[in-house]
Amino acid sequence: MEITIESPHFTVSSTLNEFIKSKTGKLEHMNERLILGEVKLKLDKSSTDDNKICEIKILGPQIELFASERCMTFEDAVTETIHALEKQLRREKTKKEKGRDKLHIEDPEATEETID
């Protein structure tokens, strides 16, 4: 999965960059068909301490997920956003499994008659 990191108006440190790539890379273990992860880090101009925002969009075939979190540090914001995306991926996976259960495919060998 390709991961792009955007941070308008500030530069991301190399340690934060590696942290983001390792965390978002773990999402690929949940769905190996994911193609692109877009991470956007923002600083809010509010007077509160929790002014670090992380937005992550995950793209793949027939899937597009988005999550955003606001925390006191970018590391916490990234972690919370990844947890939200993991929940969404689990929900998508169970939804697909339930859809497969509804499809009943007959076994062609079971319906064939044997002739001696």
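A: I53 stands opposite R70 in strand 4. The model is a predicted one, in which local features need pLDDT of at least 70 and side-chain atom pairs count only at pLDDT 80 or more, while totals for chains, interfaces and linings use all residues. Residues are numbered from 1 along each chain as its sequence is written, and side-chain values use heavy atoms, with hydrogens and water left out.

Strand 3 (52–60) and strand 4 (63–71) run antiparallel and are joined by 9 bridges. Strands are DSSP runs of E with at least two residues, helices are runs of H or I with at least four, and both are numbered from the N terminus; two strands pair if DSSP finds at least two bridges between them. The two strands form a hairpin with 2 residues between them, and Q62 in the turn has a positive phi of about 60 degrees. Strand 3 is also joined to strand 2, by 8 bridges, and these two likewise run antiparallel. In that pairing L36 stands opposite L59 in strand 3. In a regular strand the side chains alternate between the two faces of the sheet.

Contact means heavy atoms within 4.5 Å. Leaving aside neighbours within four places in sequence, C54 is in contact with V39, K40, L41, A67, S68, E69, A77, V78 and T81. C54 is also among the residues with the most contacts inside the largest nonpolar core, together with L27, V39, L41, I56, I58 and L85. That core has 22 residues; a nonpolar core is a set of buried Ala, Val, Leu, Ile, Met, Phe, Trp, Tyr and Cys residues joined through side-chain atoms within 4.5 Å. Buried means under 20% relative accessible area, exposed over 50%, and partly exposed in between, with a 1.4 Å probe and protein chains only. Two or more residues each come from helix 1 (14–25), strand 2 (36–43), strand 3, strand 4 and helix 3 (74–102). Helix 3 gives the largest share, 6 residues.

Helix 3 also holds Q88, which counts as buried at 18% relative accessibility. Apart from neighbours within four places in sequence, Q88 is in contact with L65, F66 and A67.

Another residue of interest is F74, which counts as buried at 11% relative accessibility. A search of the whole structure finds 1 aromatic pair. In it, F10 and F74 are stacked, at 5.4 Å centre to centre and with 20 degrees between the planes. Rings of Phe, Tyr and Trp (its six-membered ring) pair if their centres lie within 6.5 Å; planes under 30 degrees apart count as stacked, over 60 as edge-to-face and the rest as tilted. Because F10 lies in the loop between strand 1 (2–6) and helix 1 and F74 lies in helix 3, the pair ties together parts that are 64 residues apart in sequence.

In helix 1, L16, I20 and T24 are buried. Seen down the axis, the buried residues of helix 1 fall within an arc of 60 degrees and therefore line one face; the arc is that of the directions from the helix axis to the C-beta atoms. S14, T15 and E18 are exposed on the other side of helix 1.

For the protein chain as a whole, the elements run β-α-α-β-β-β-α-α from the N terminus on. Buried residues make up 30% of its 116 residues.
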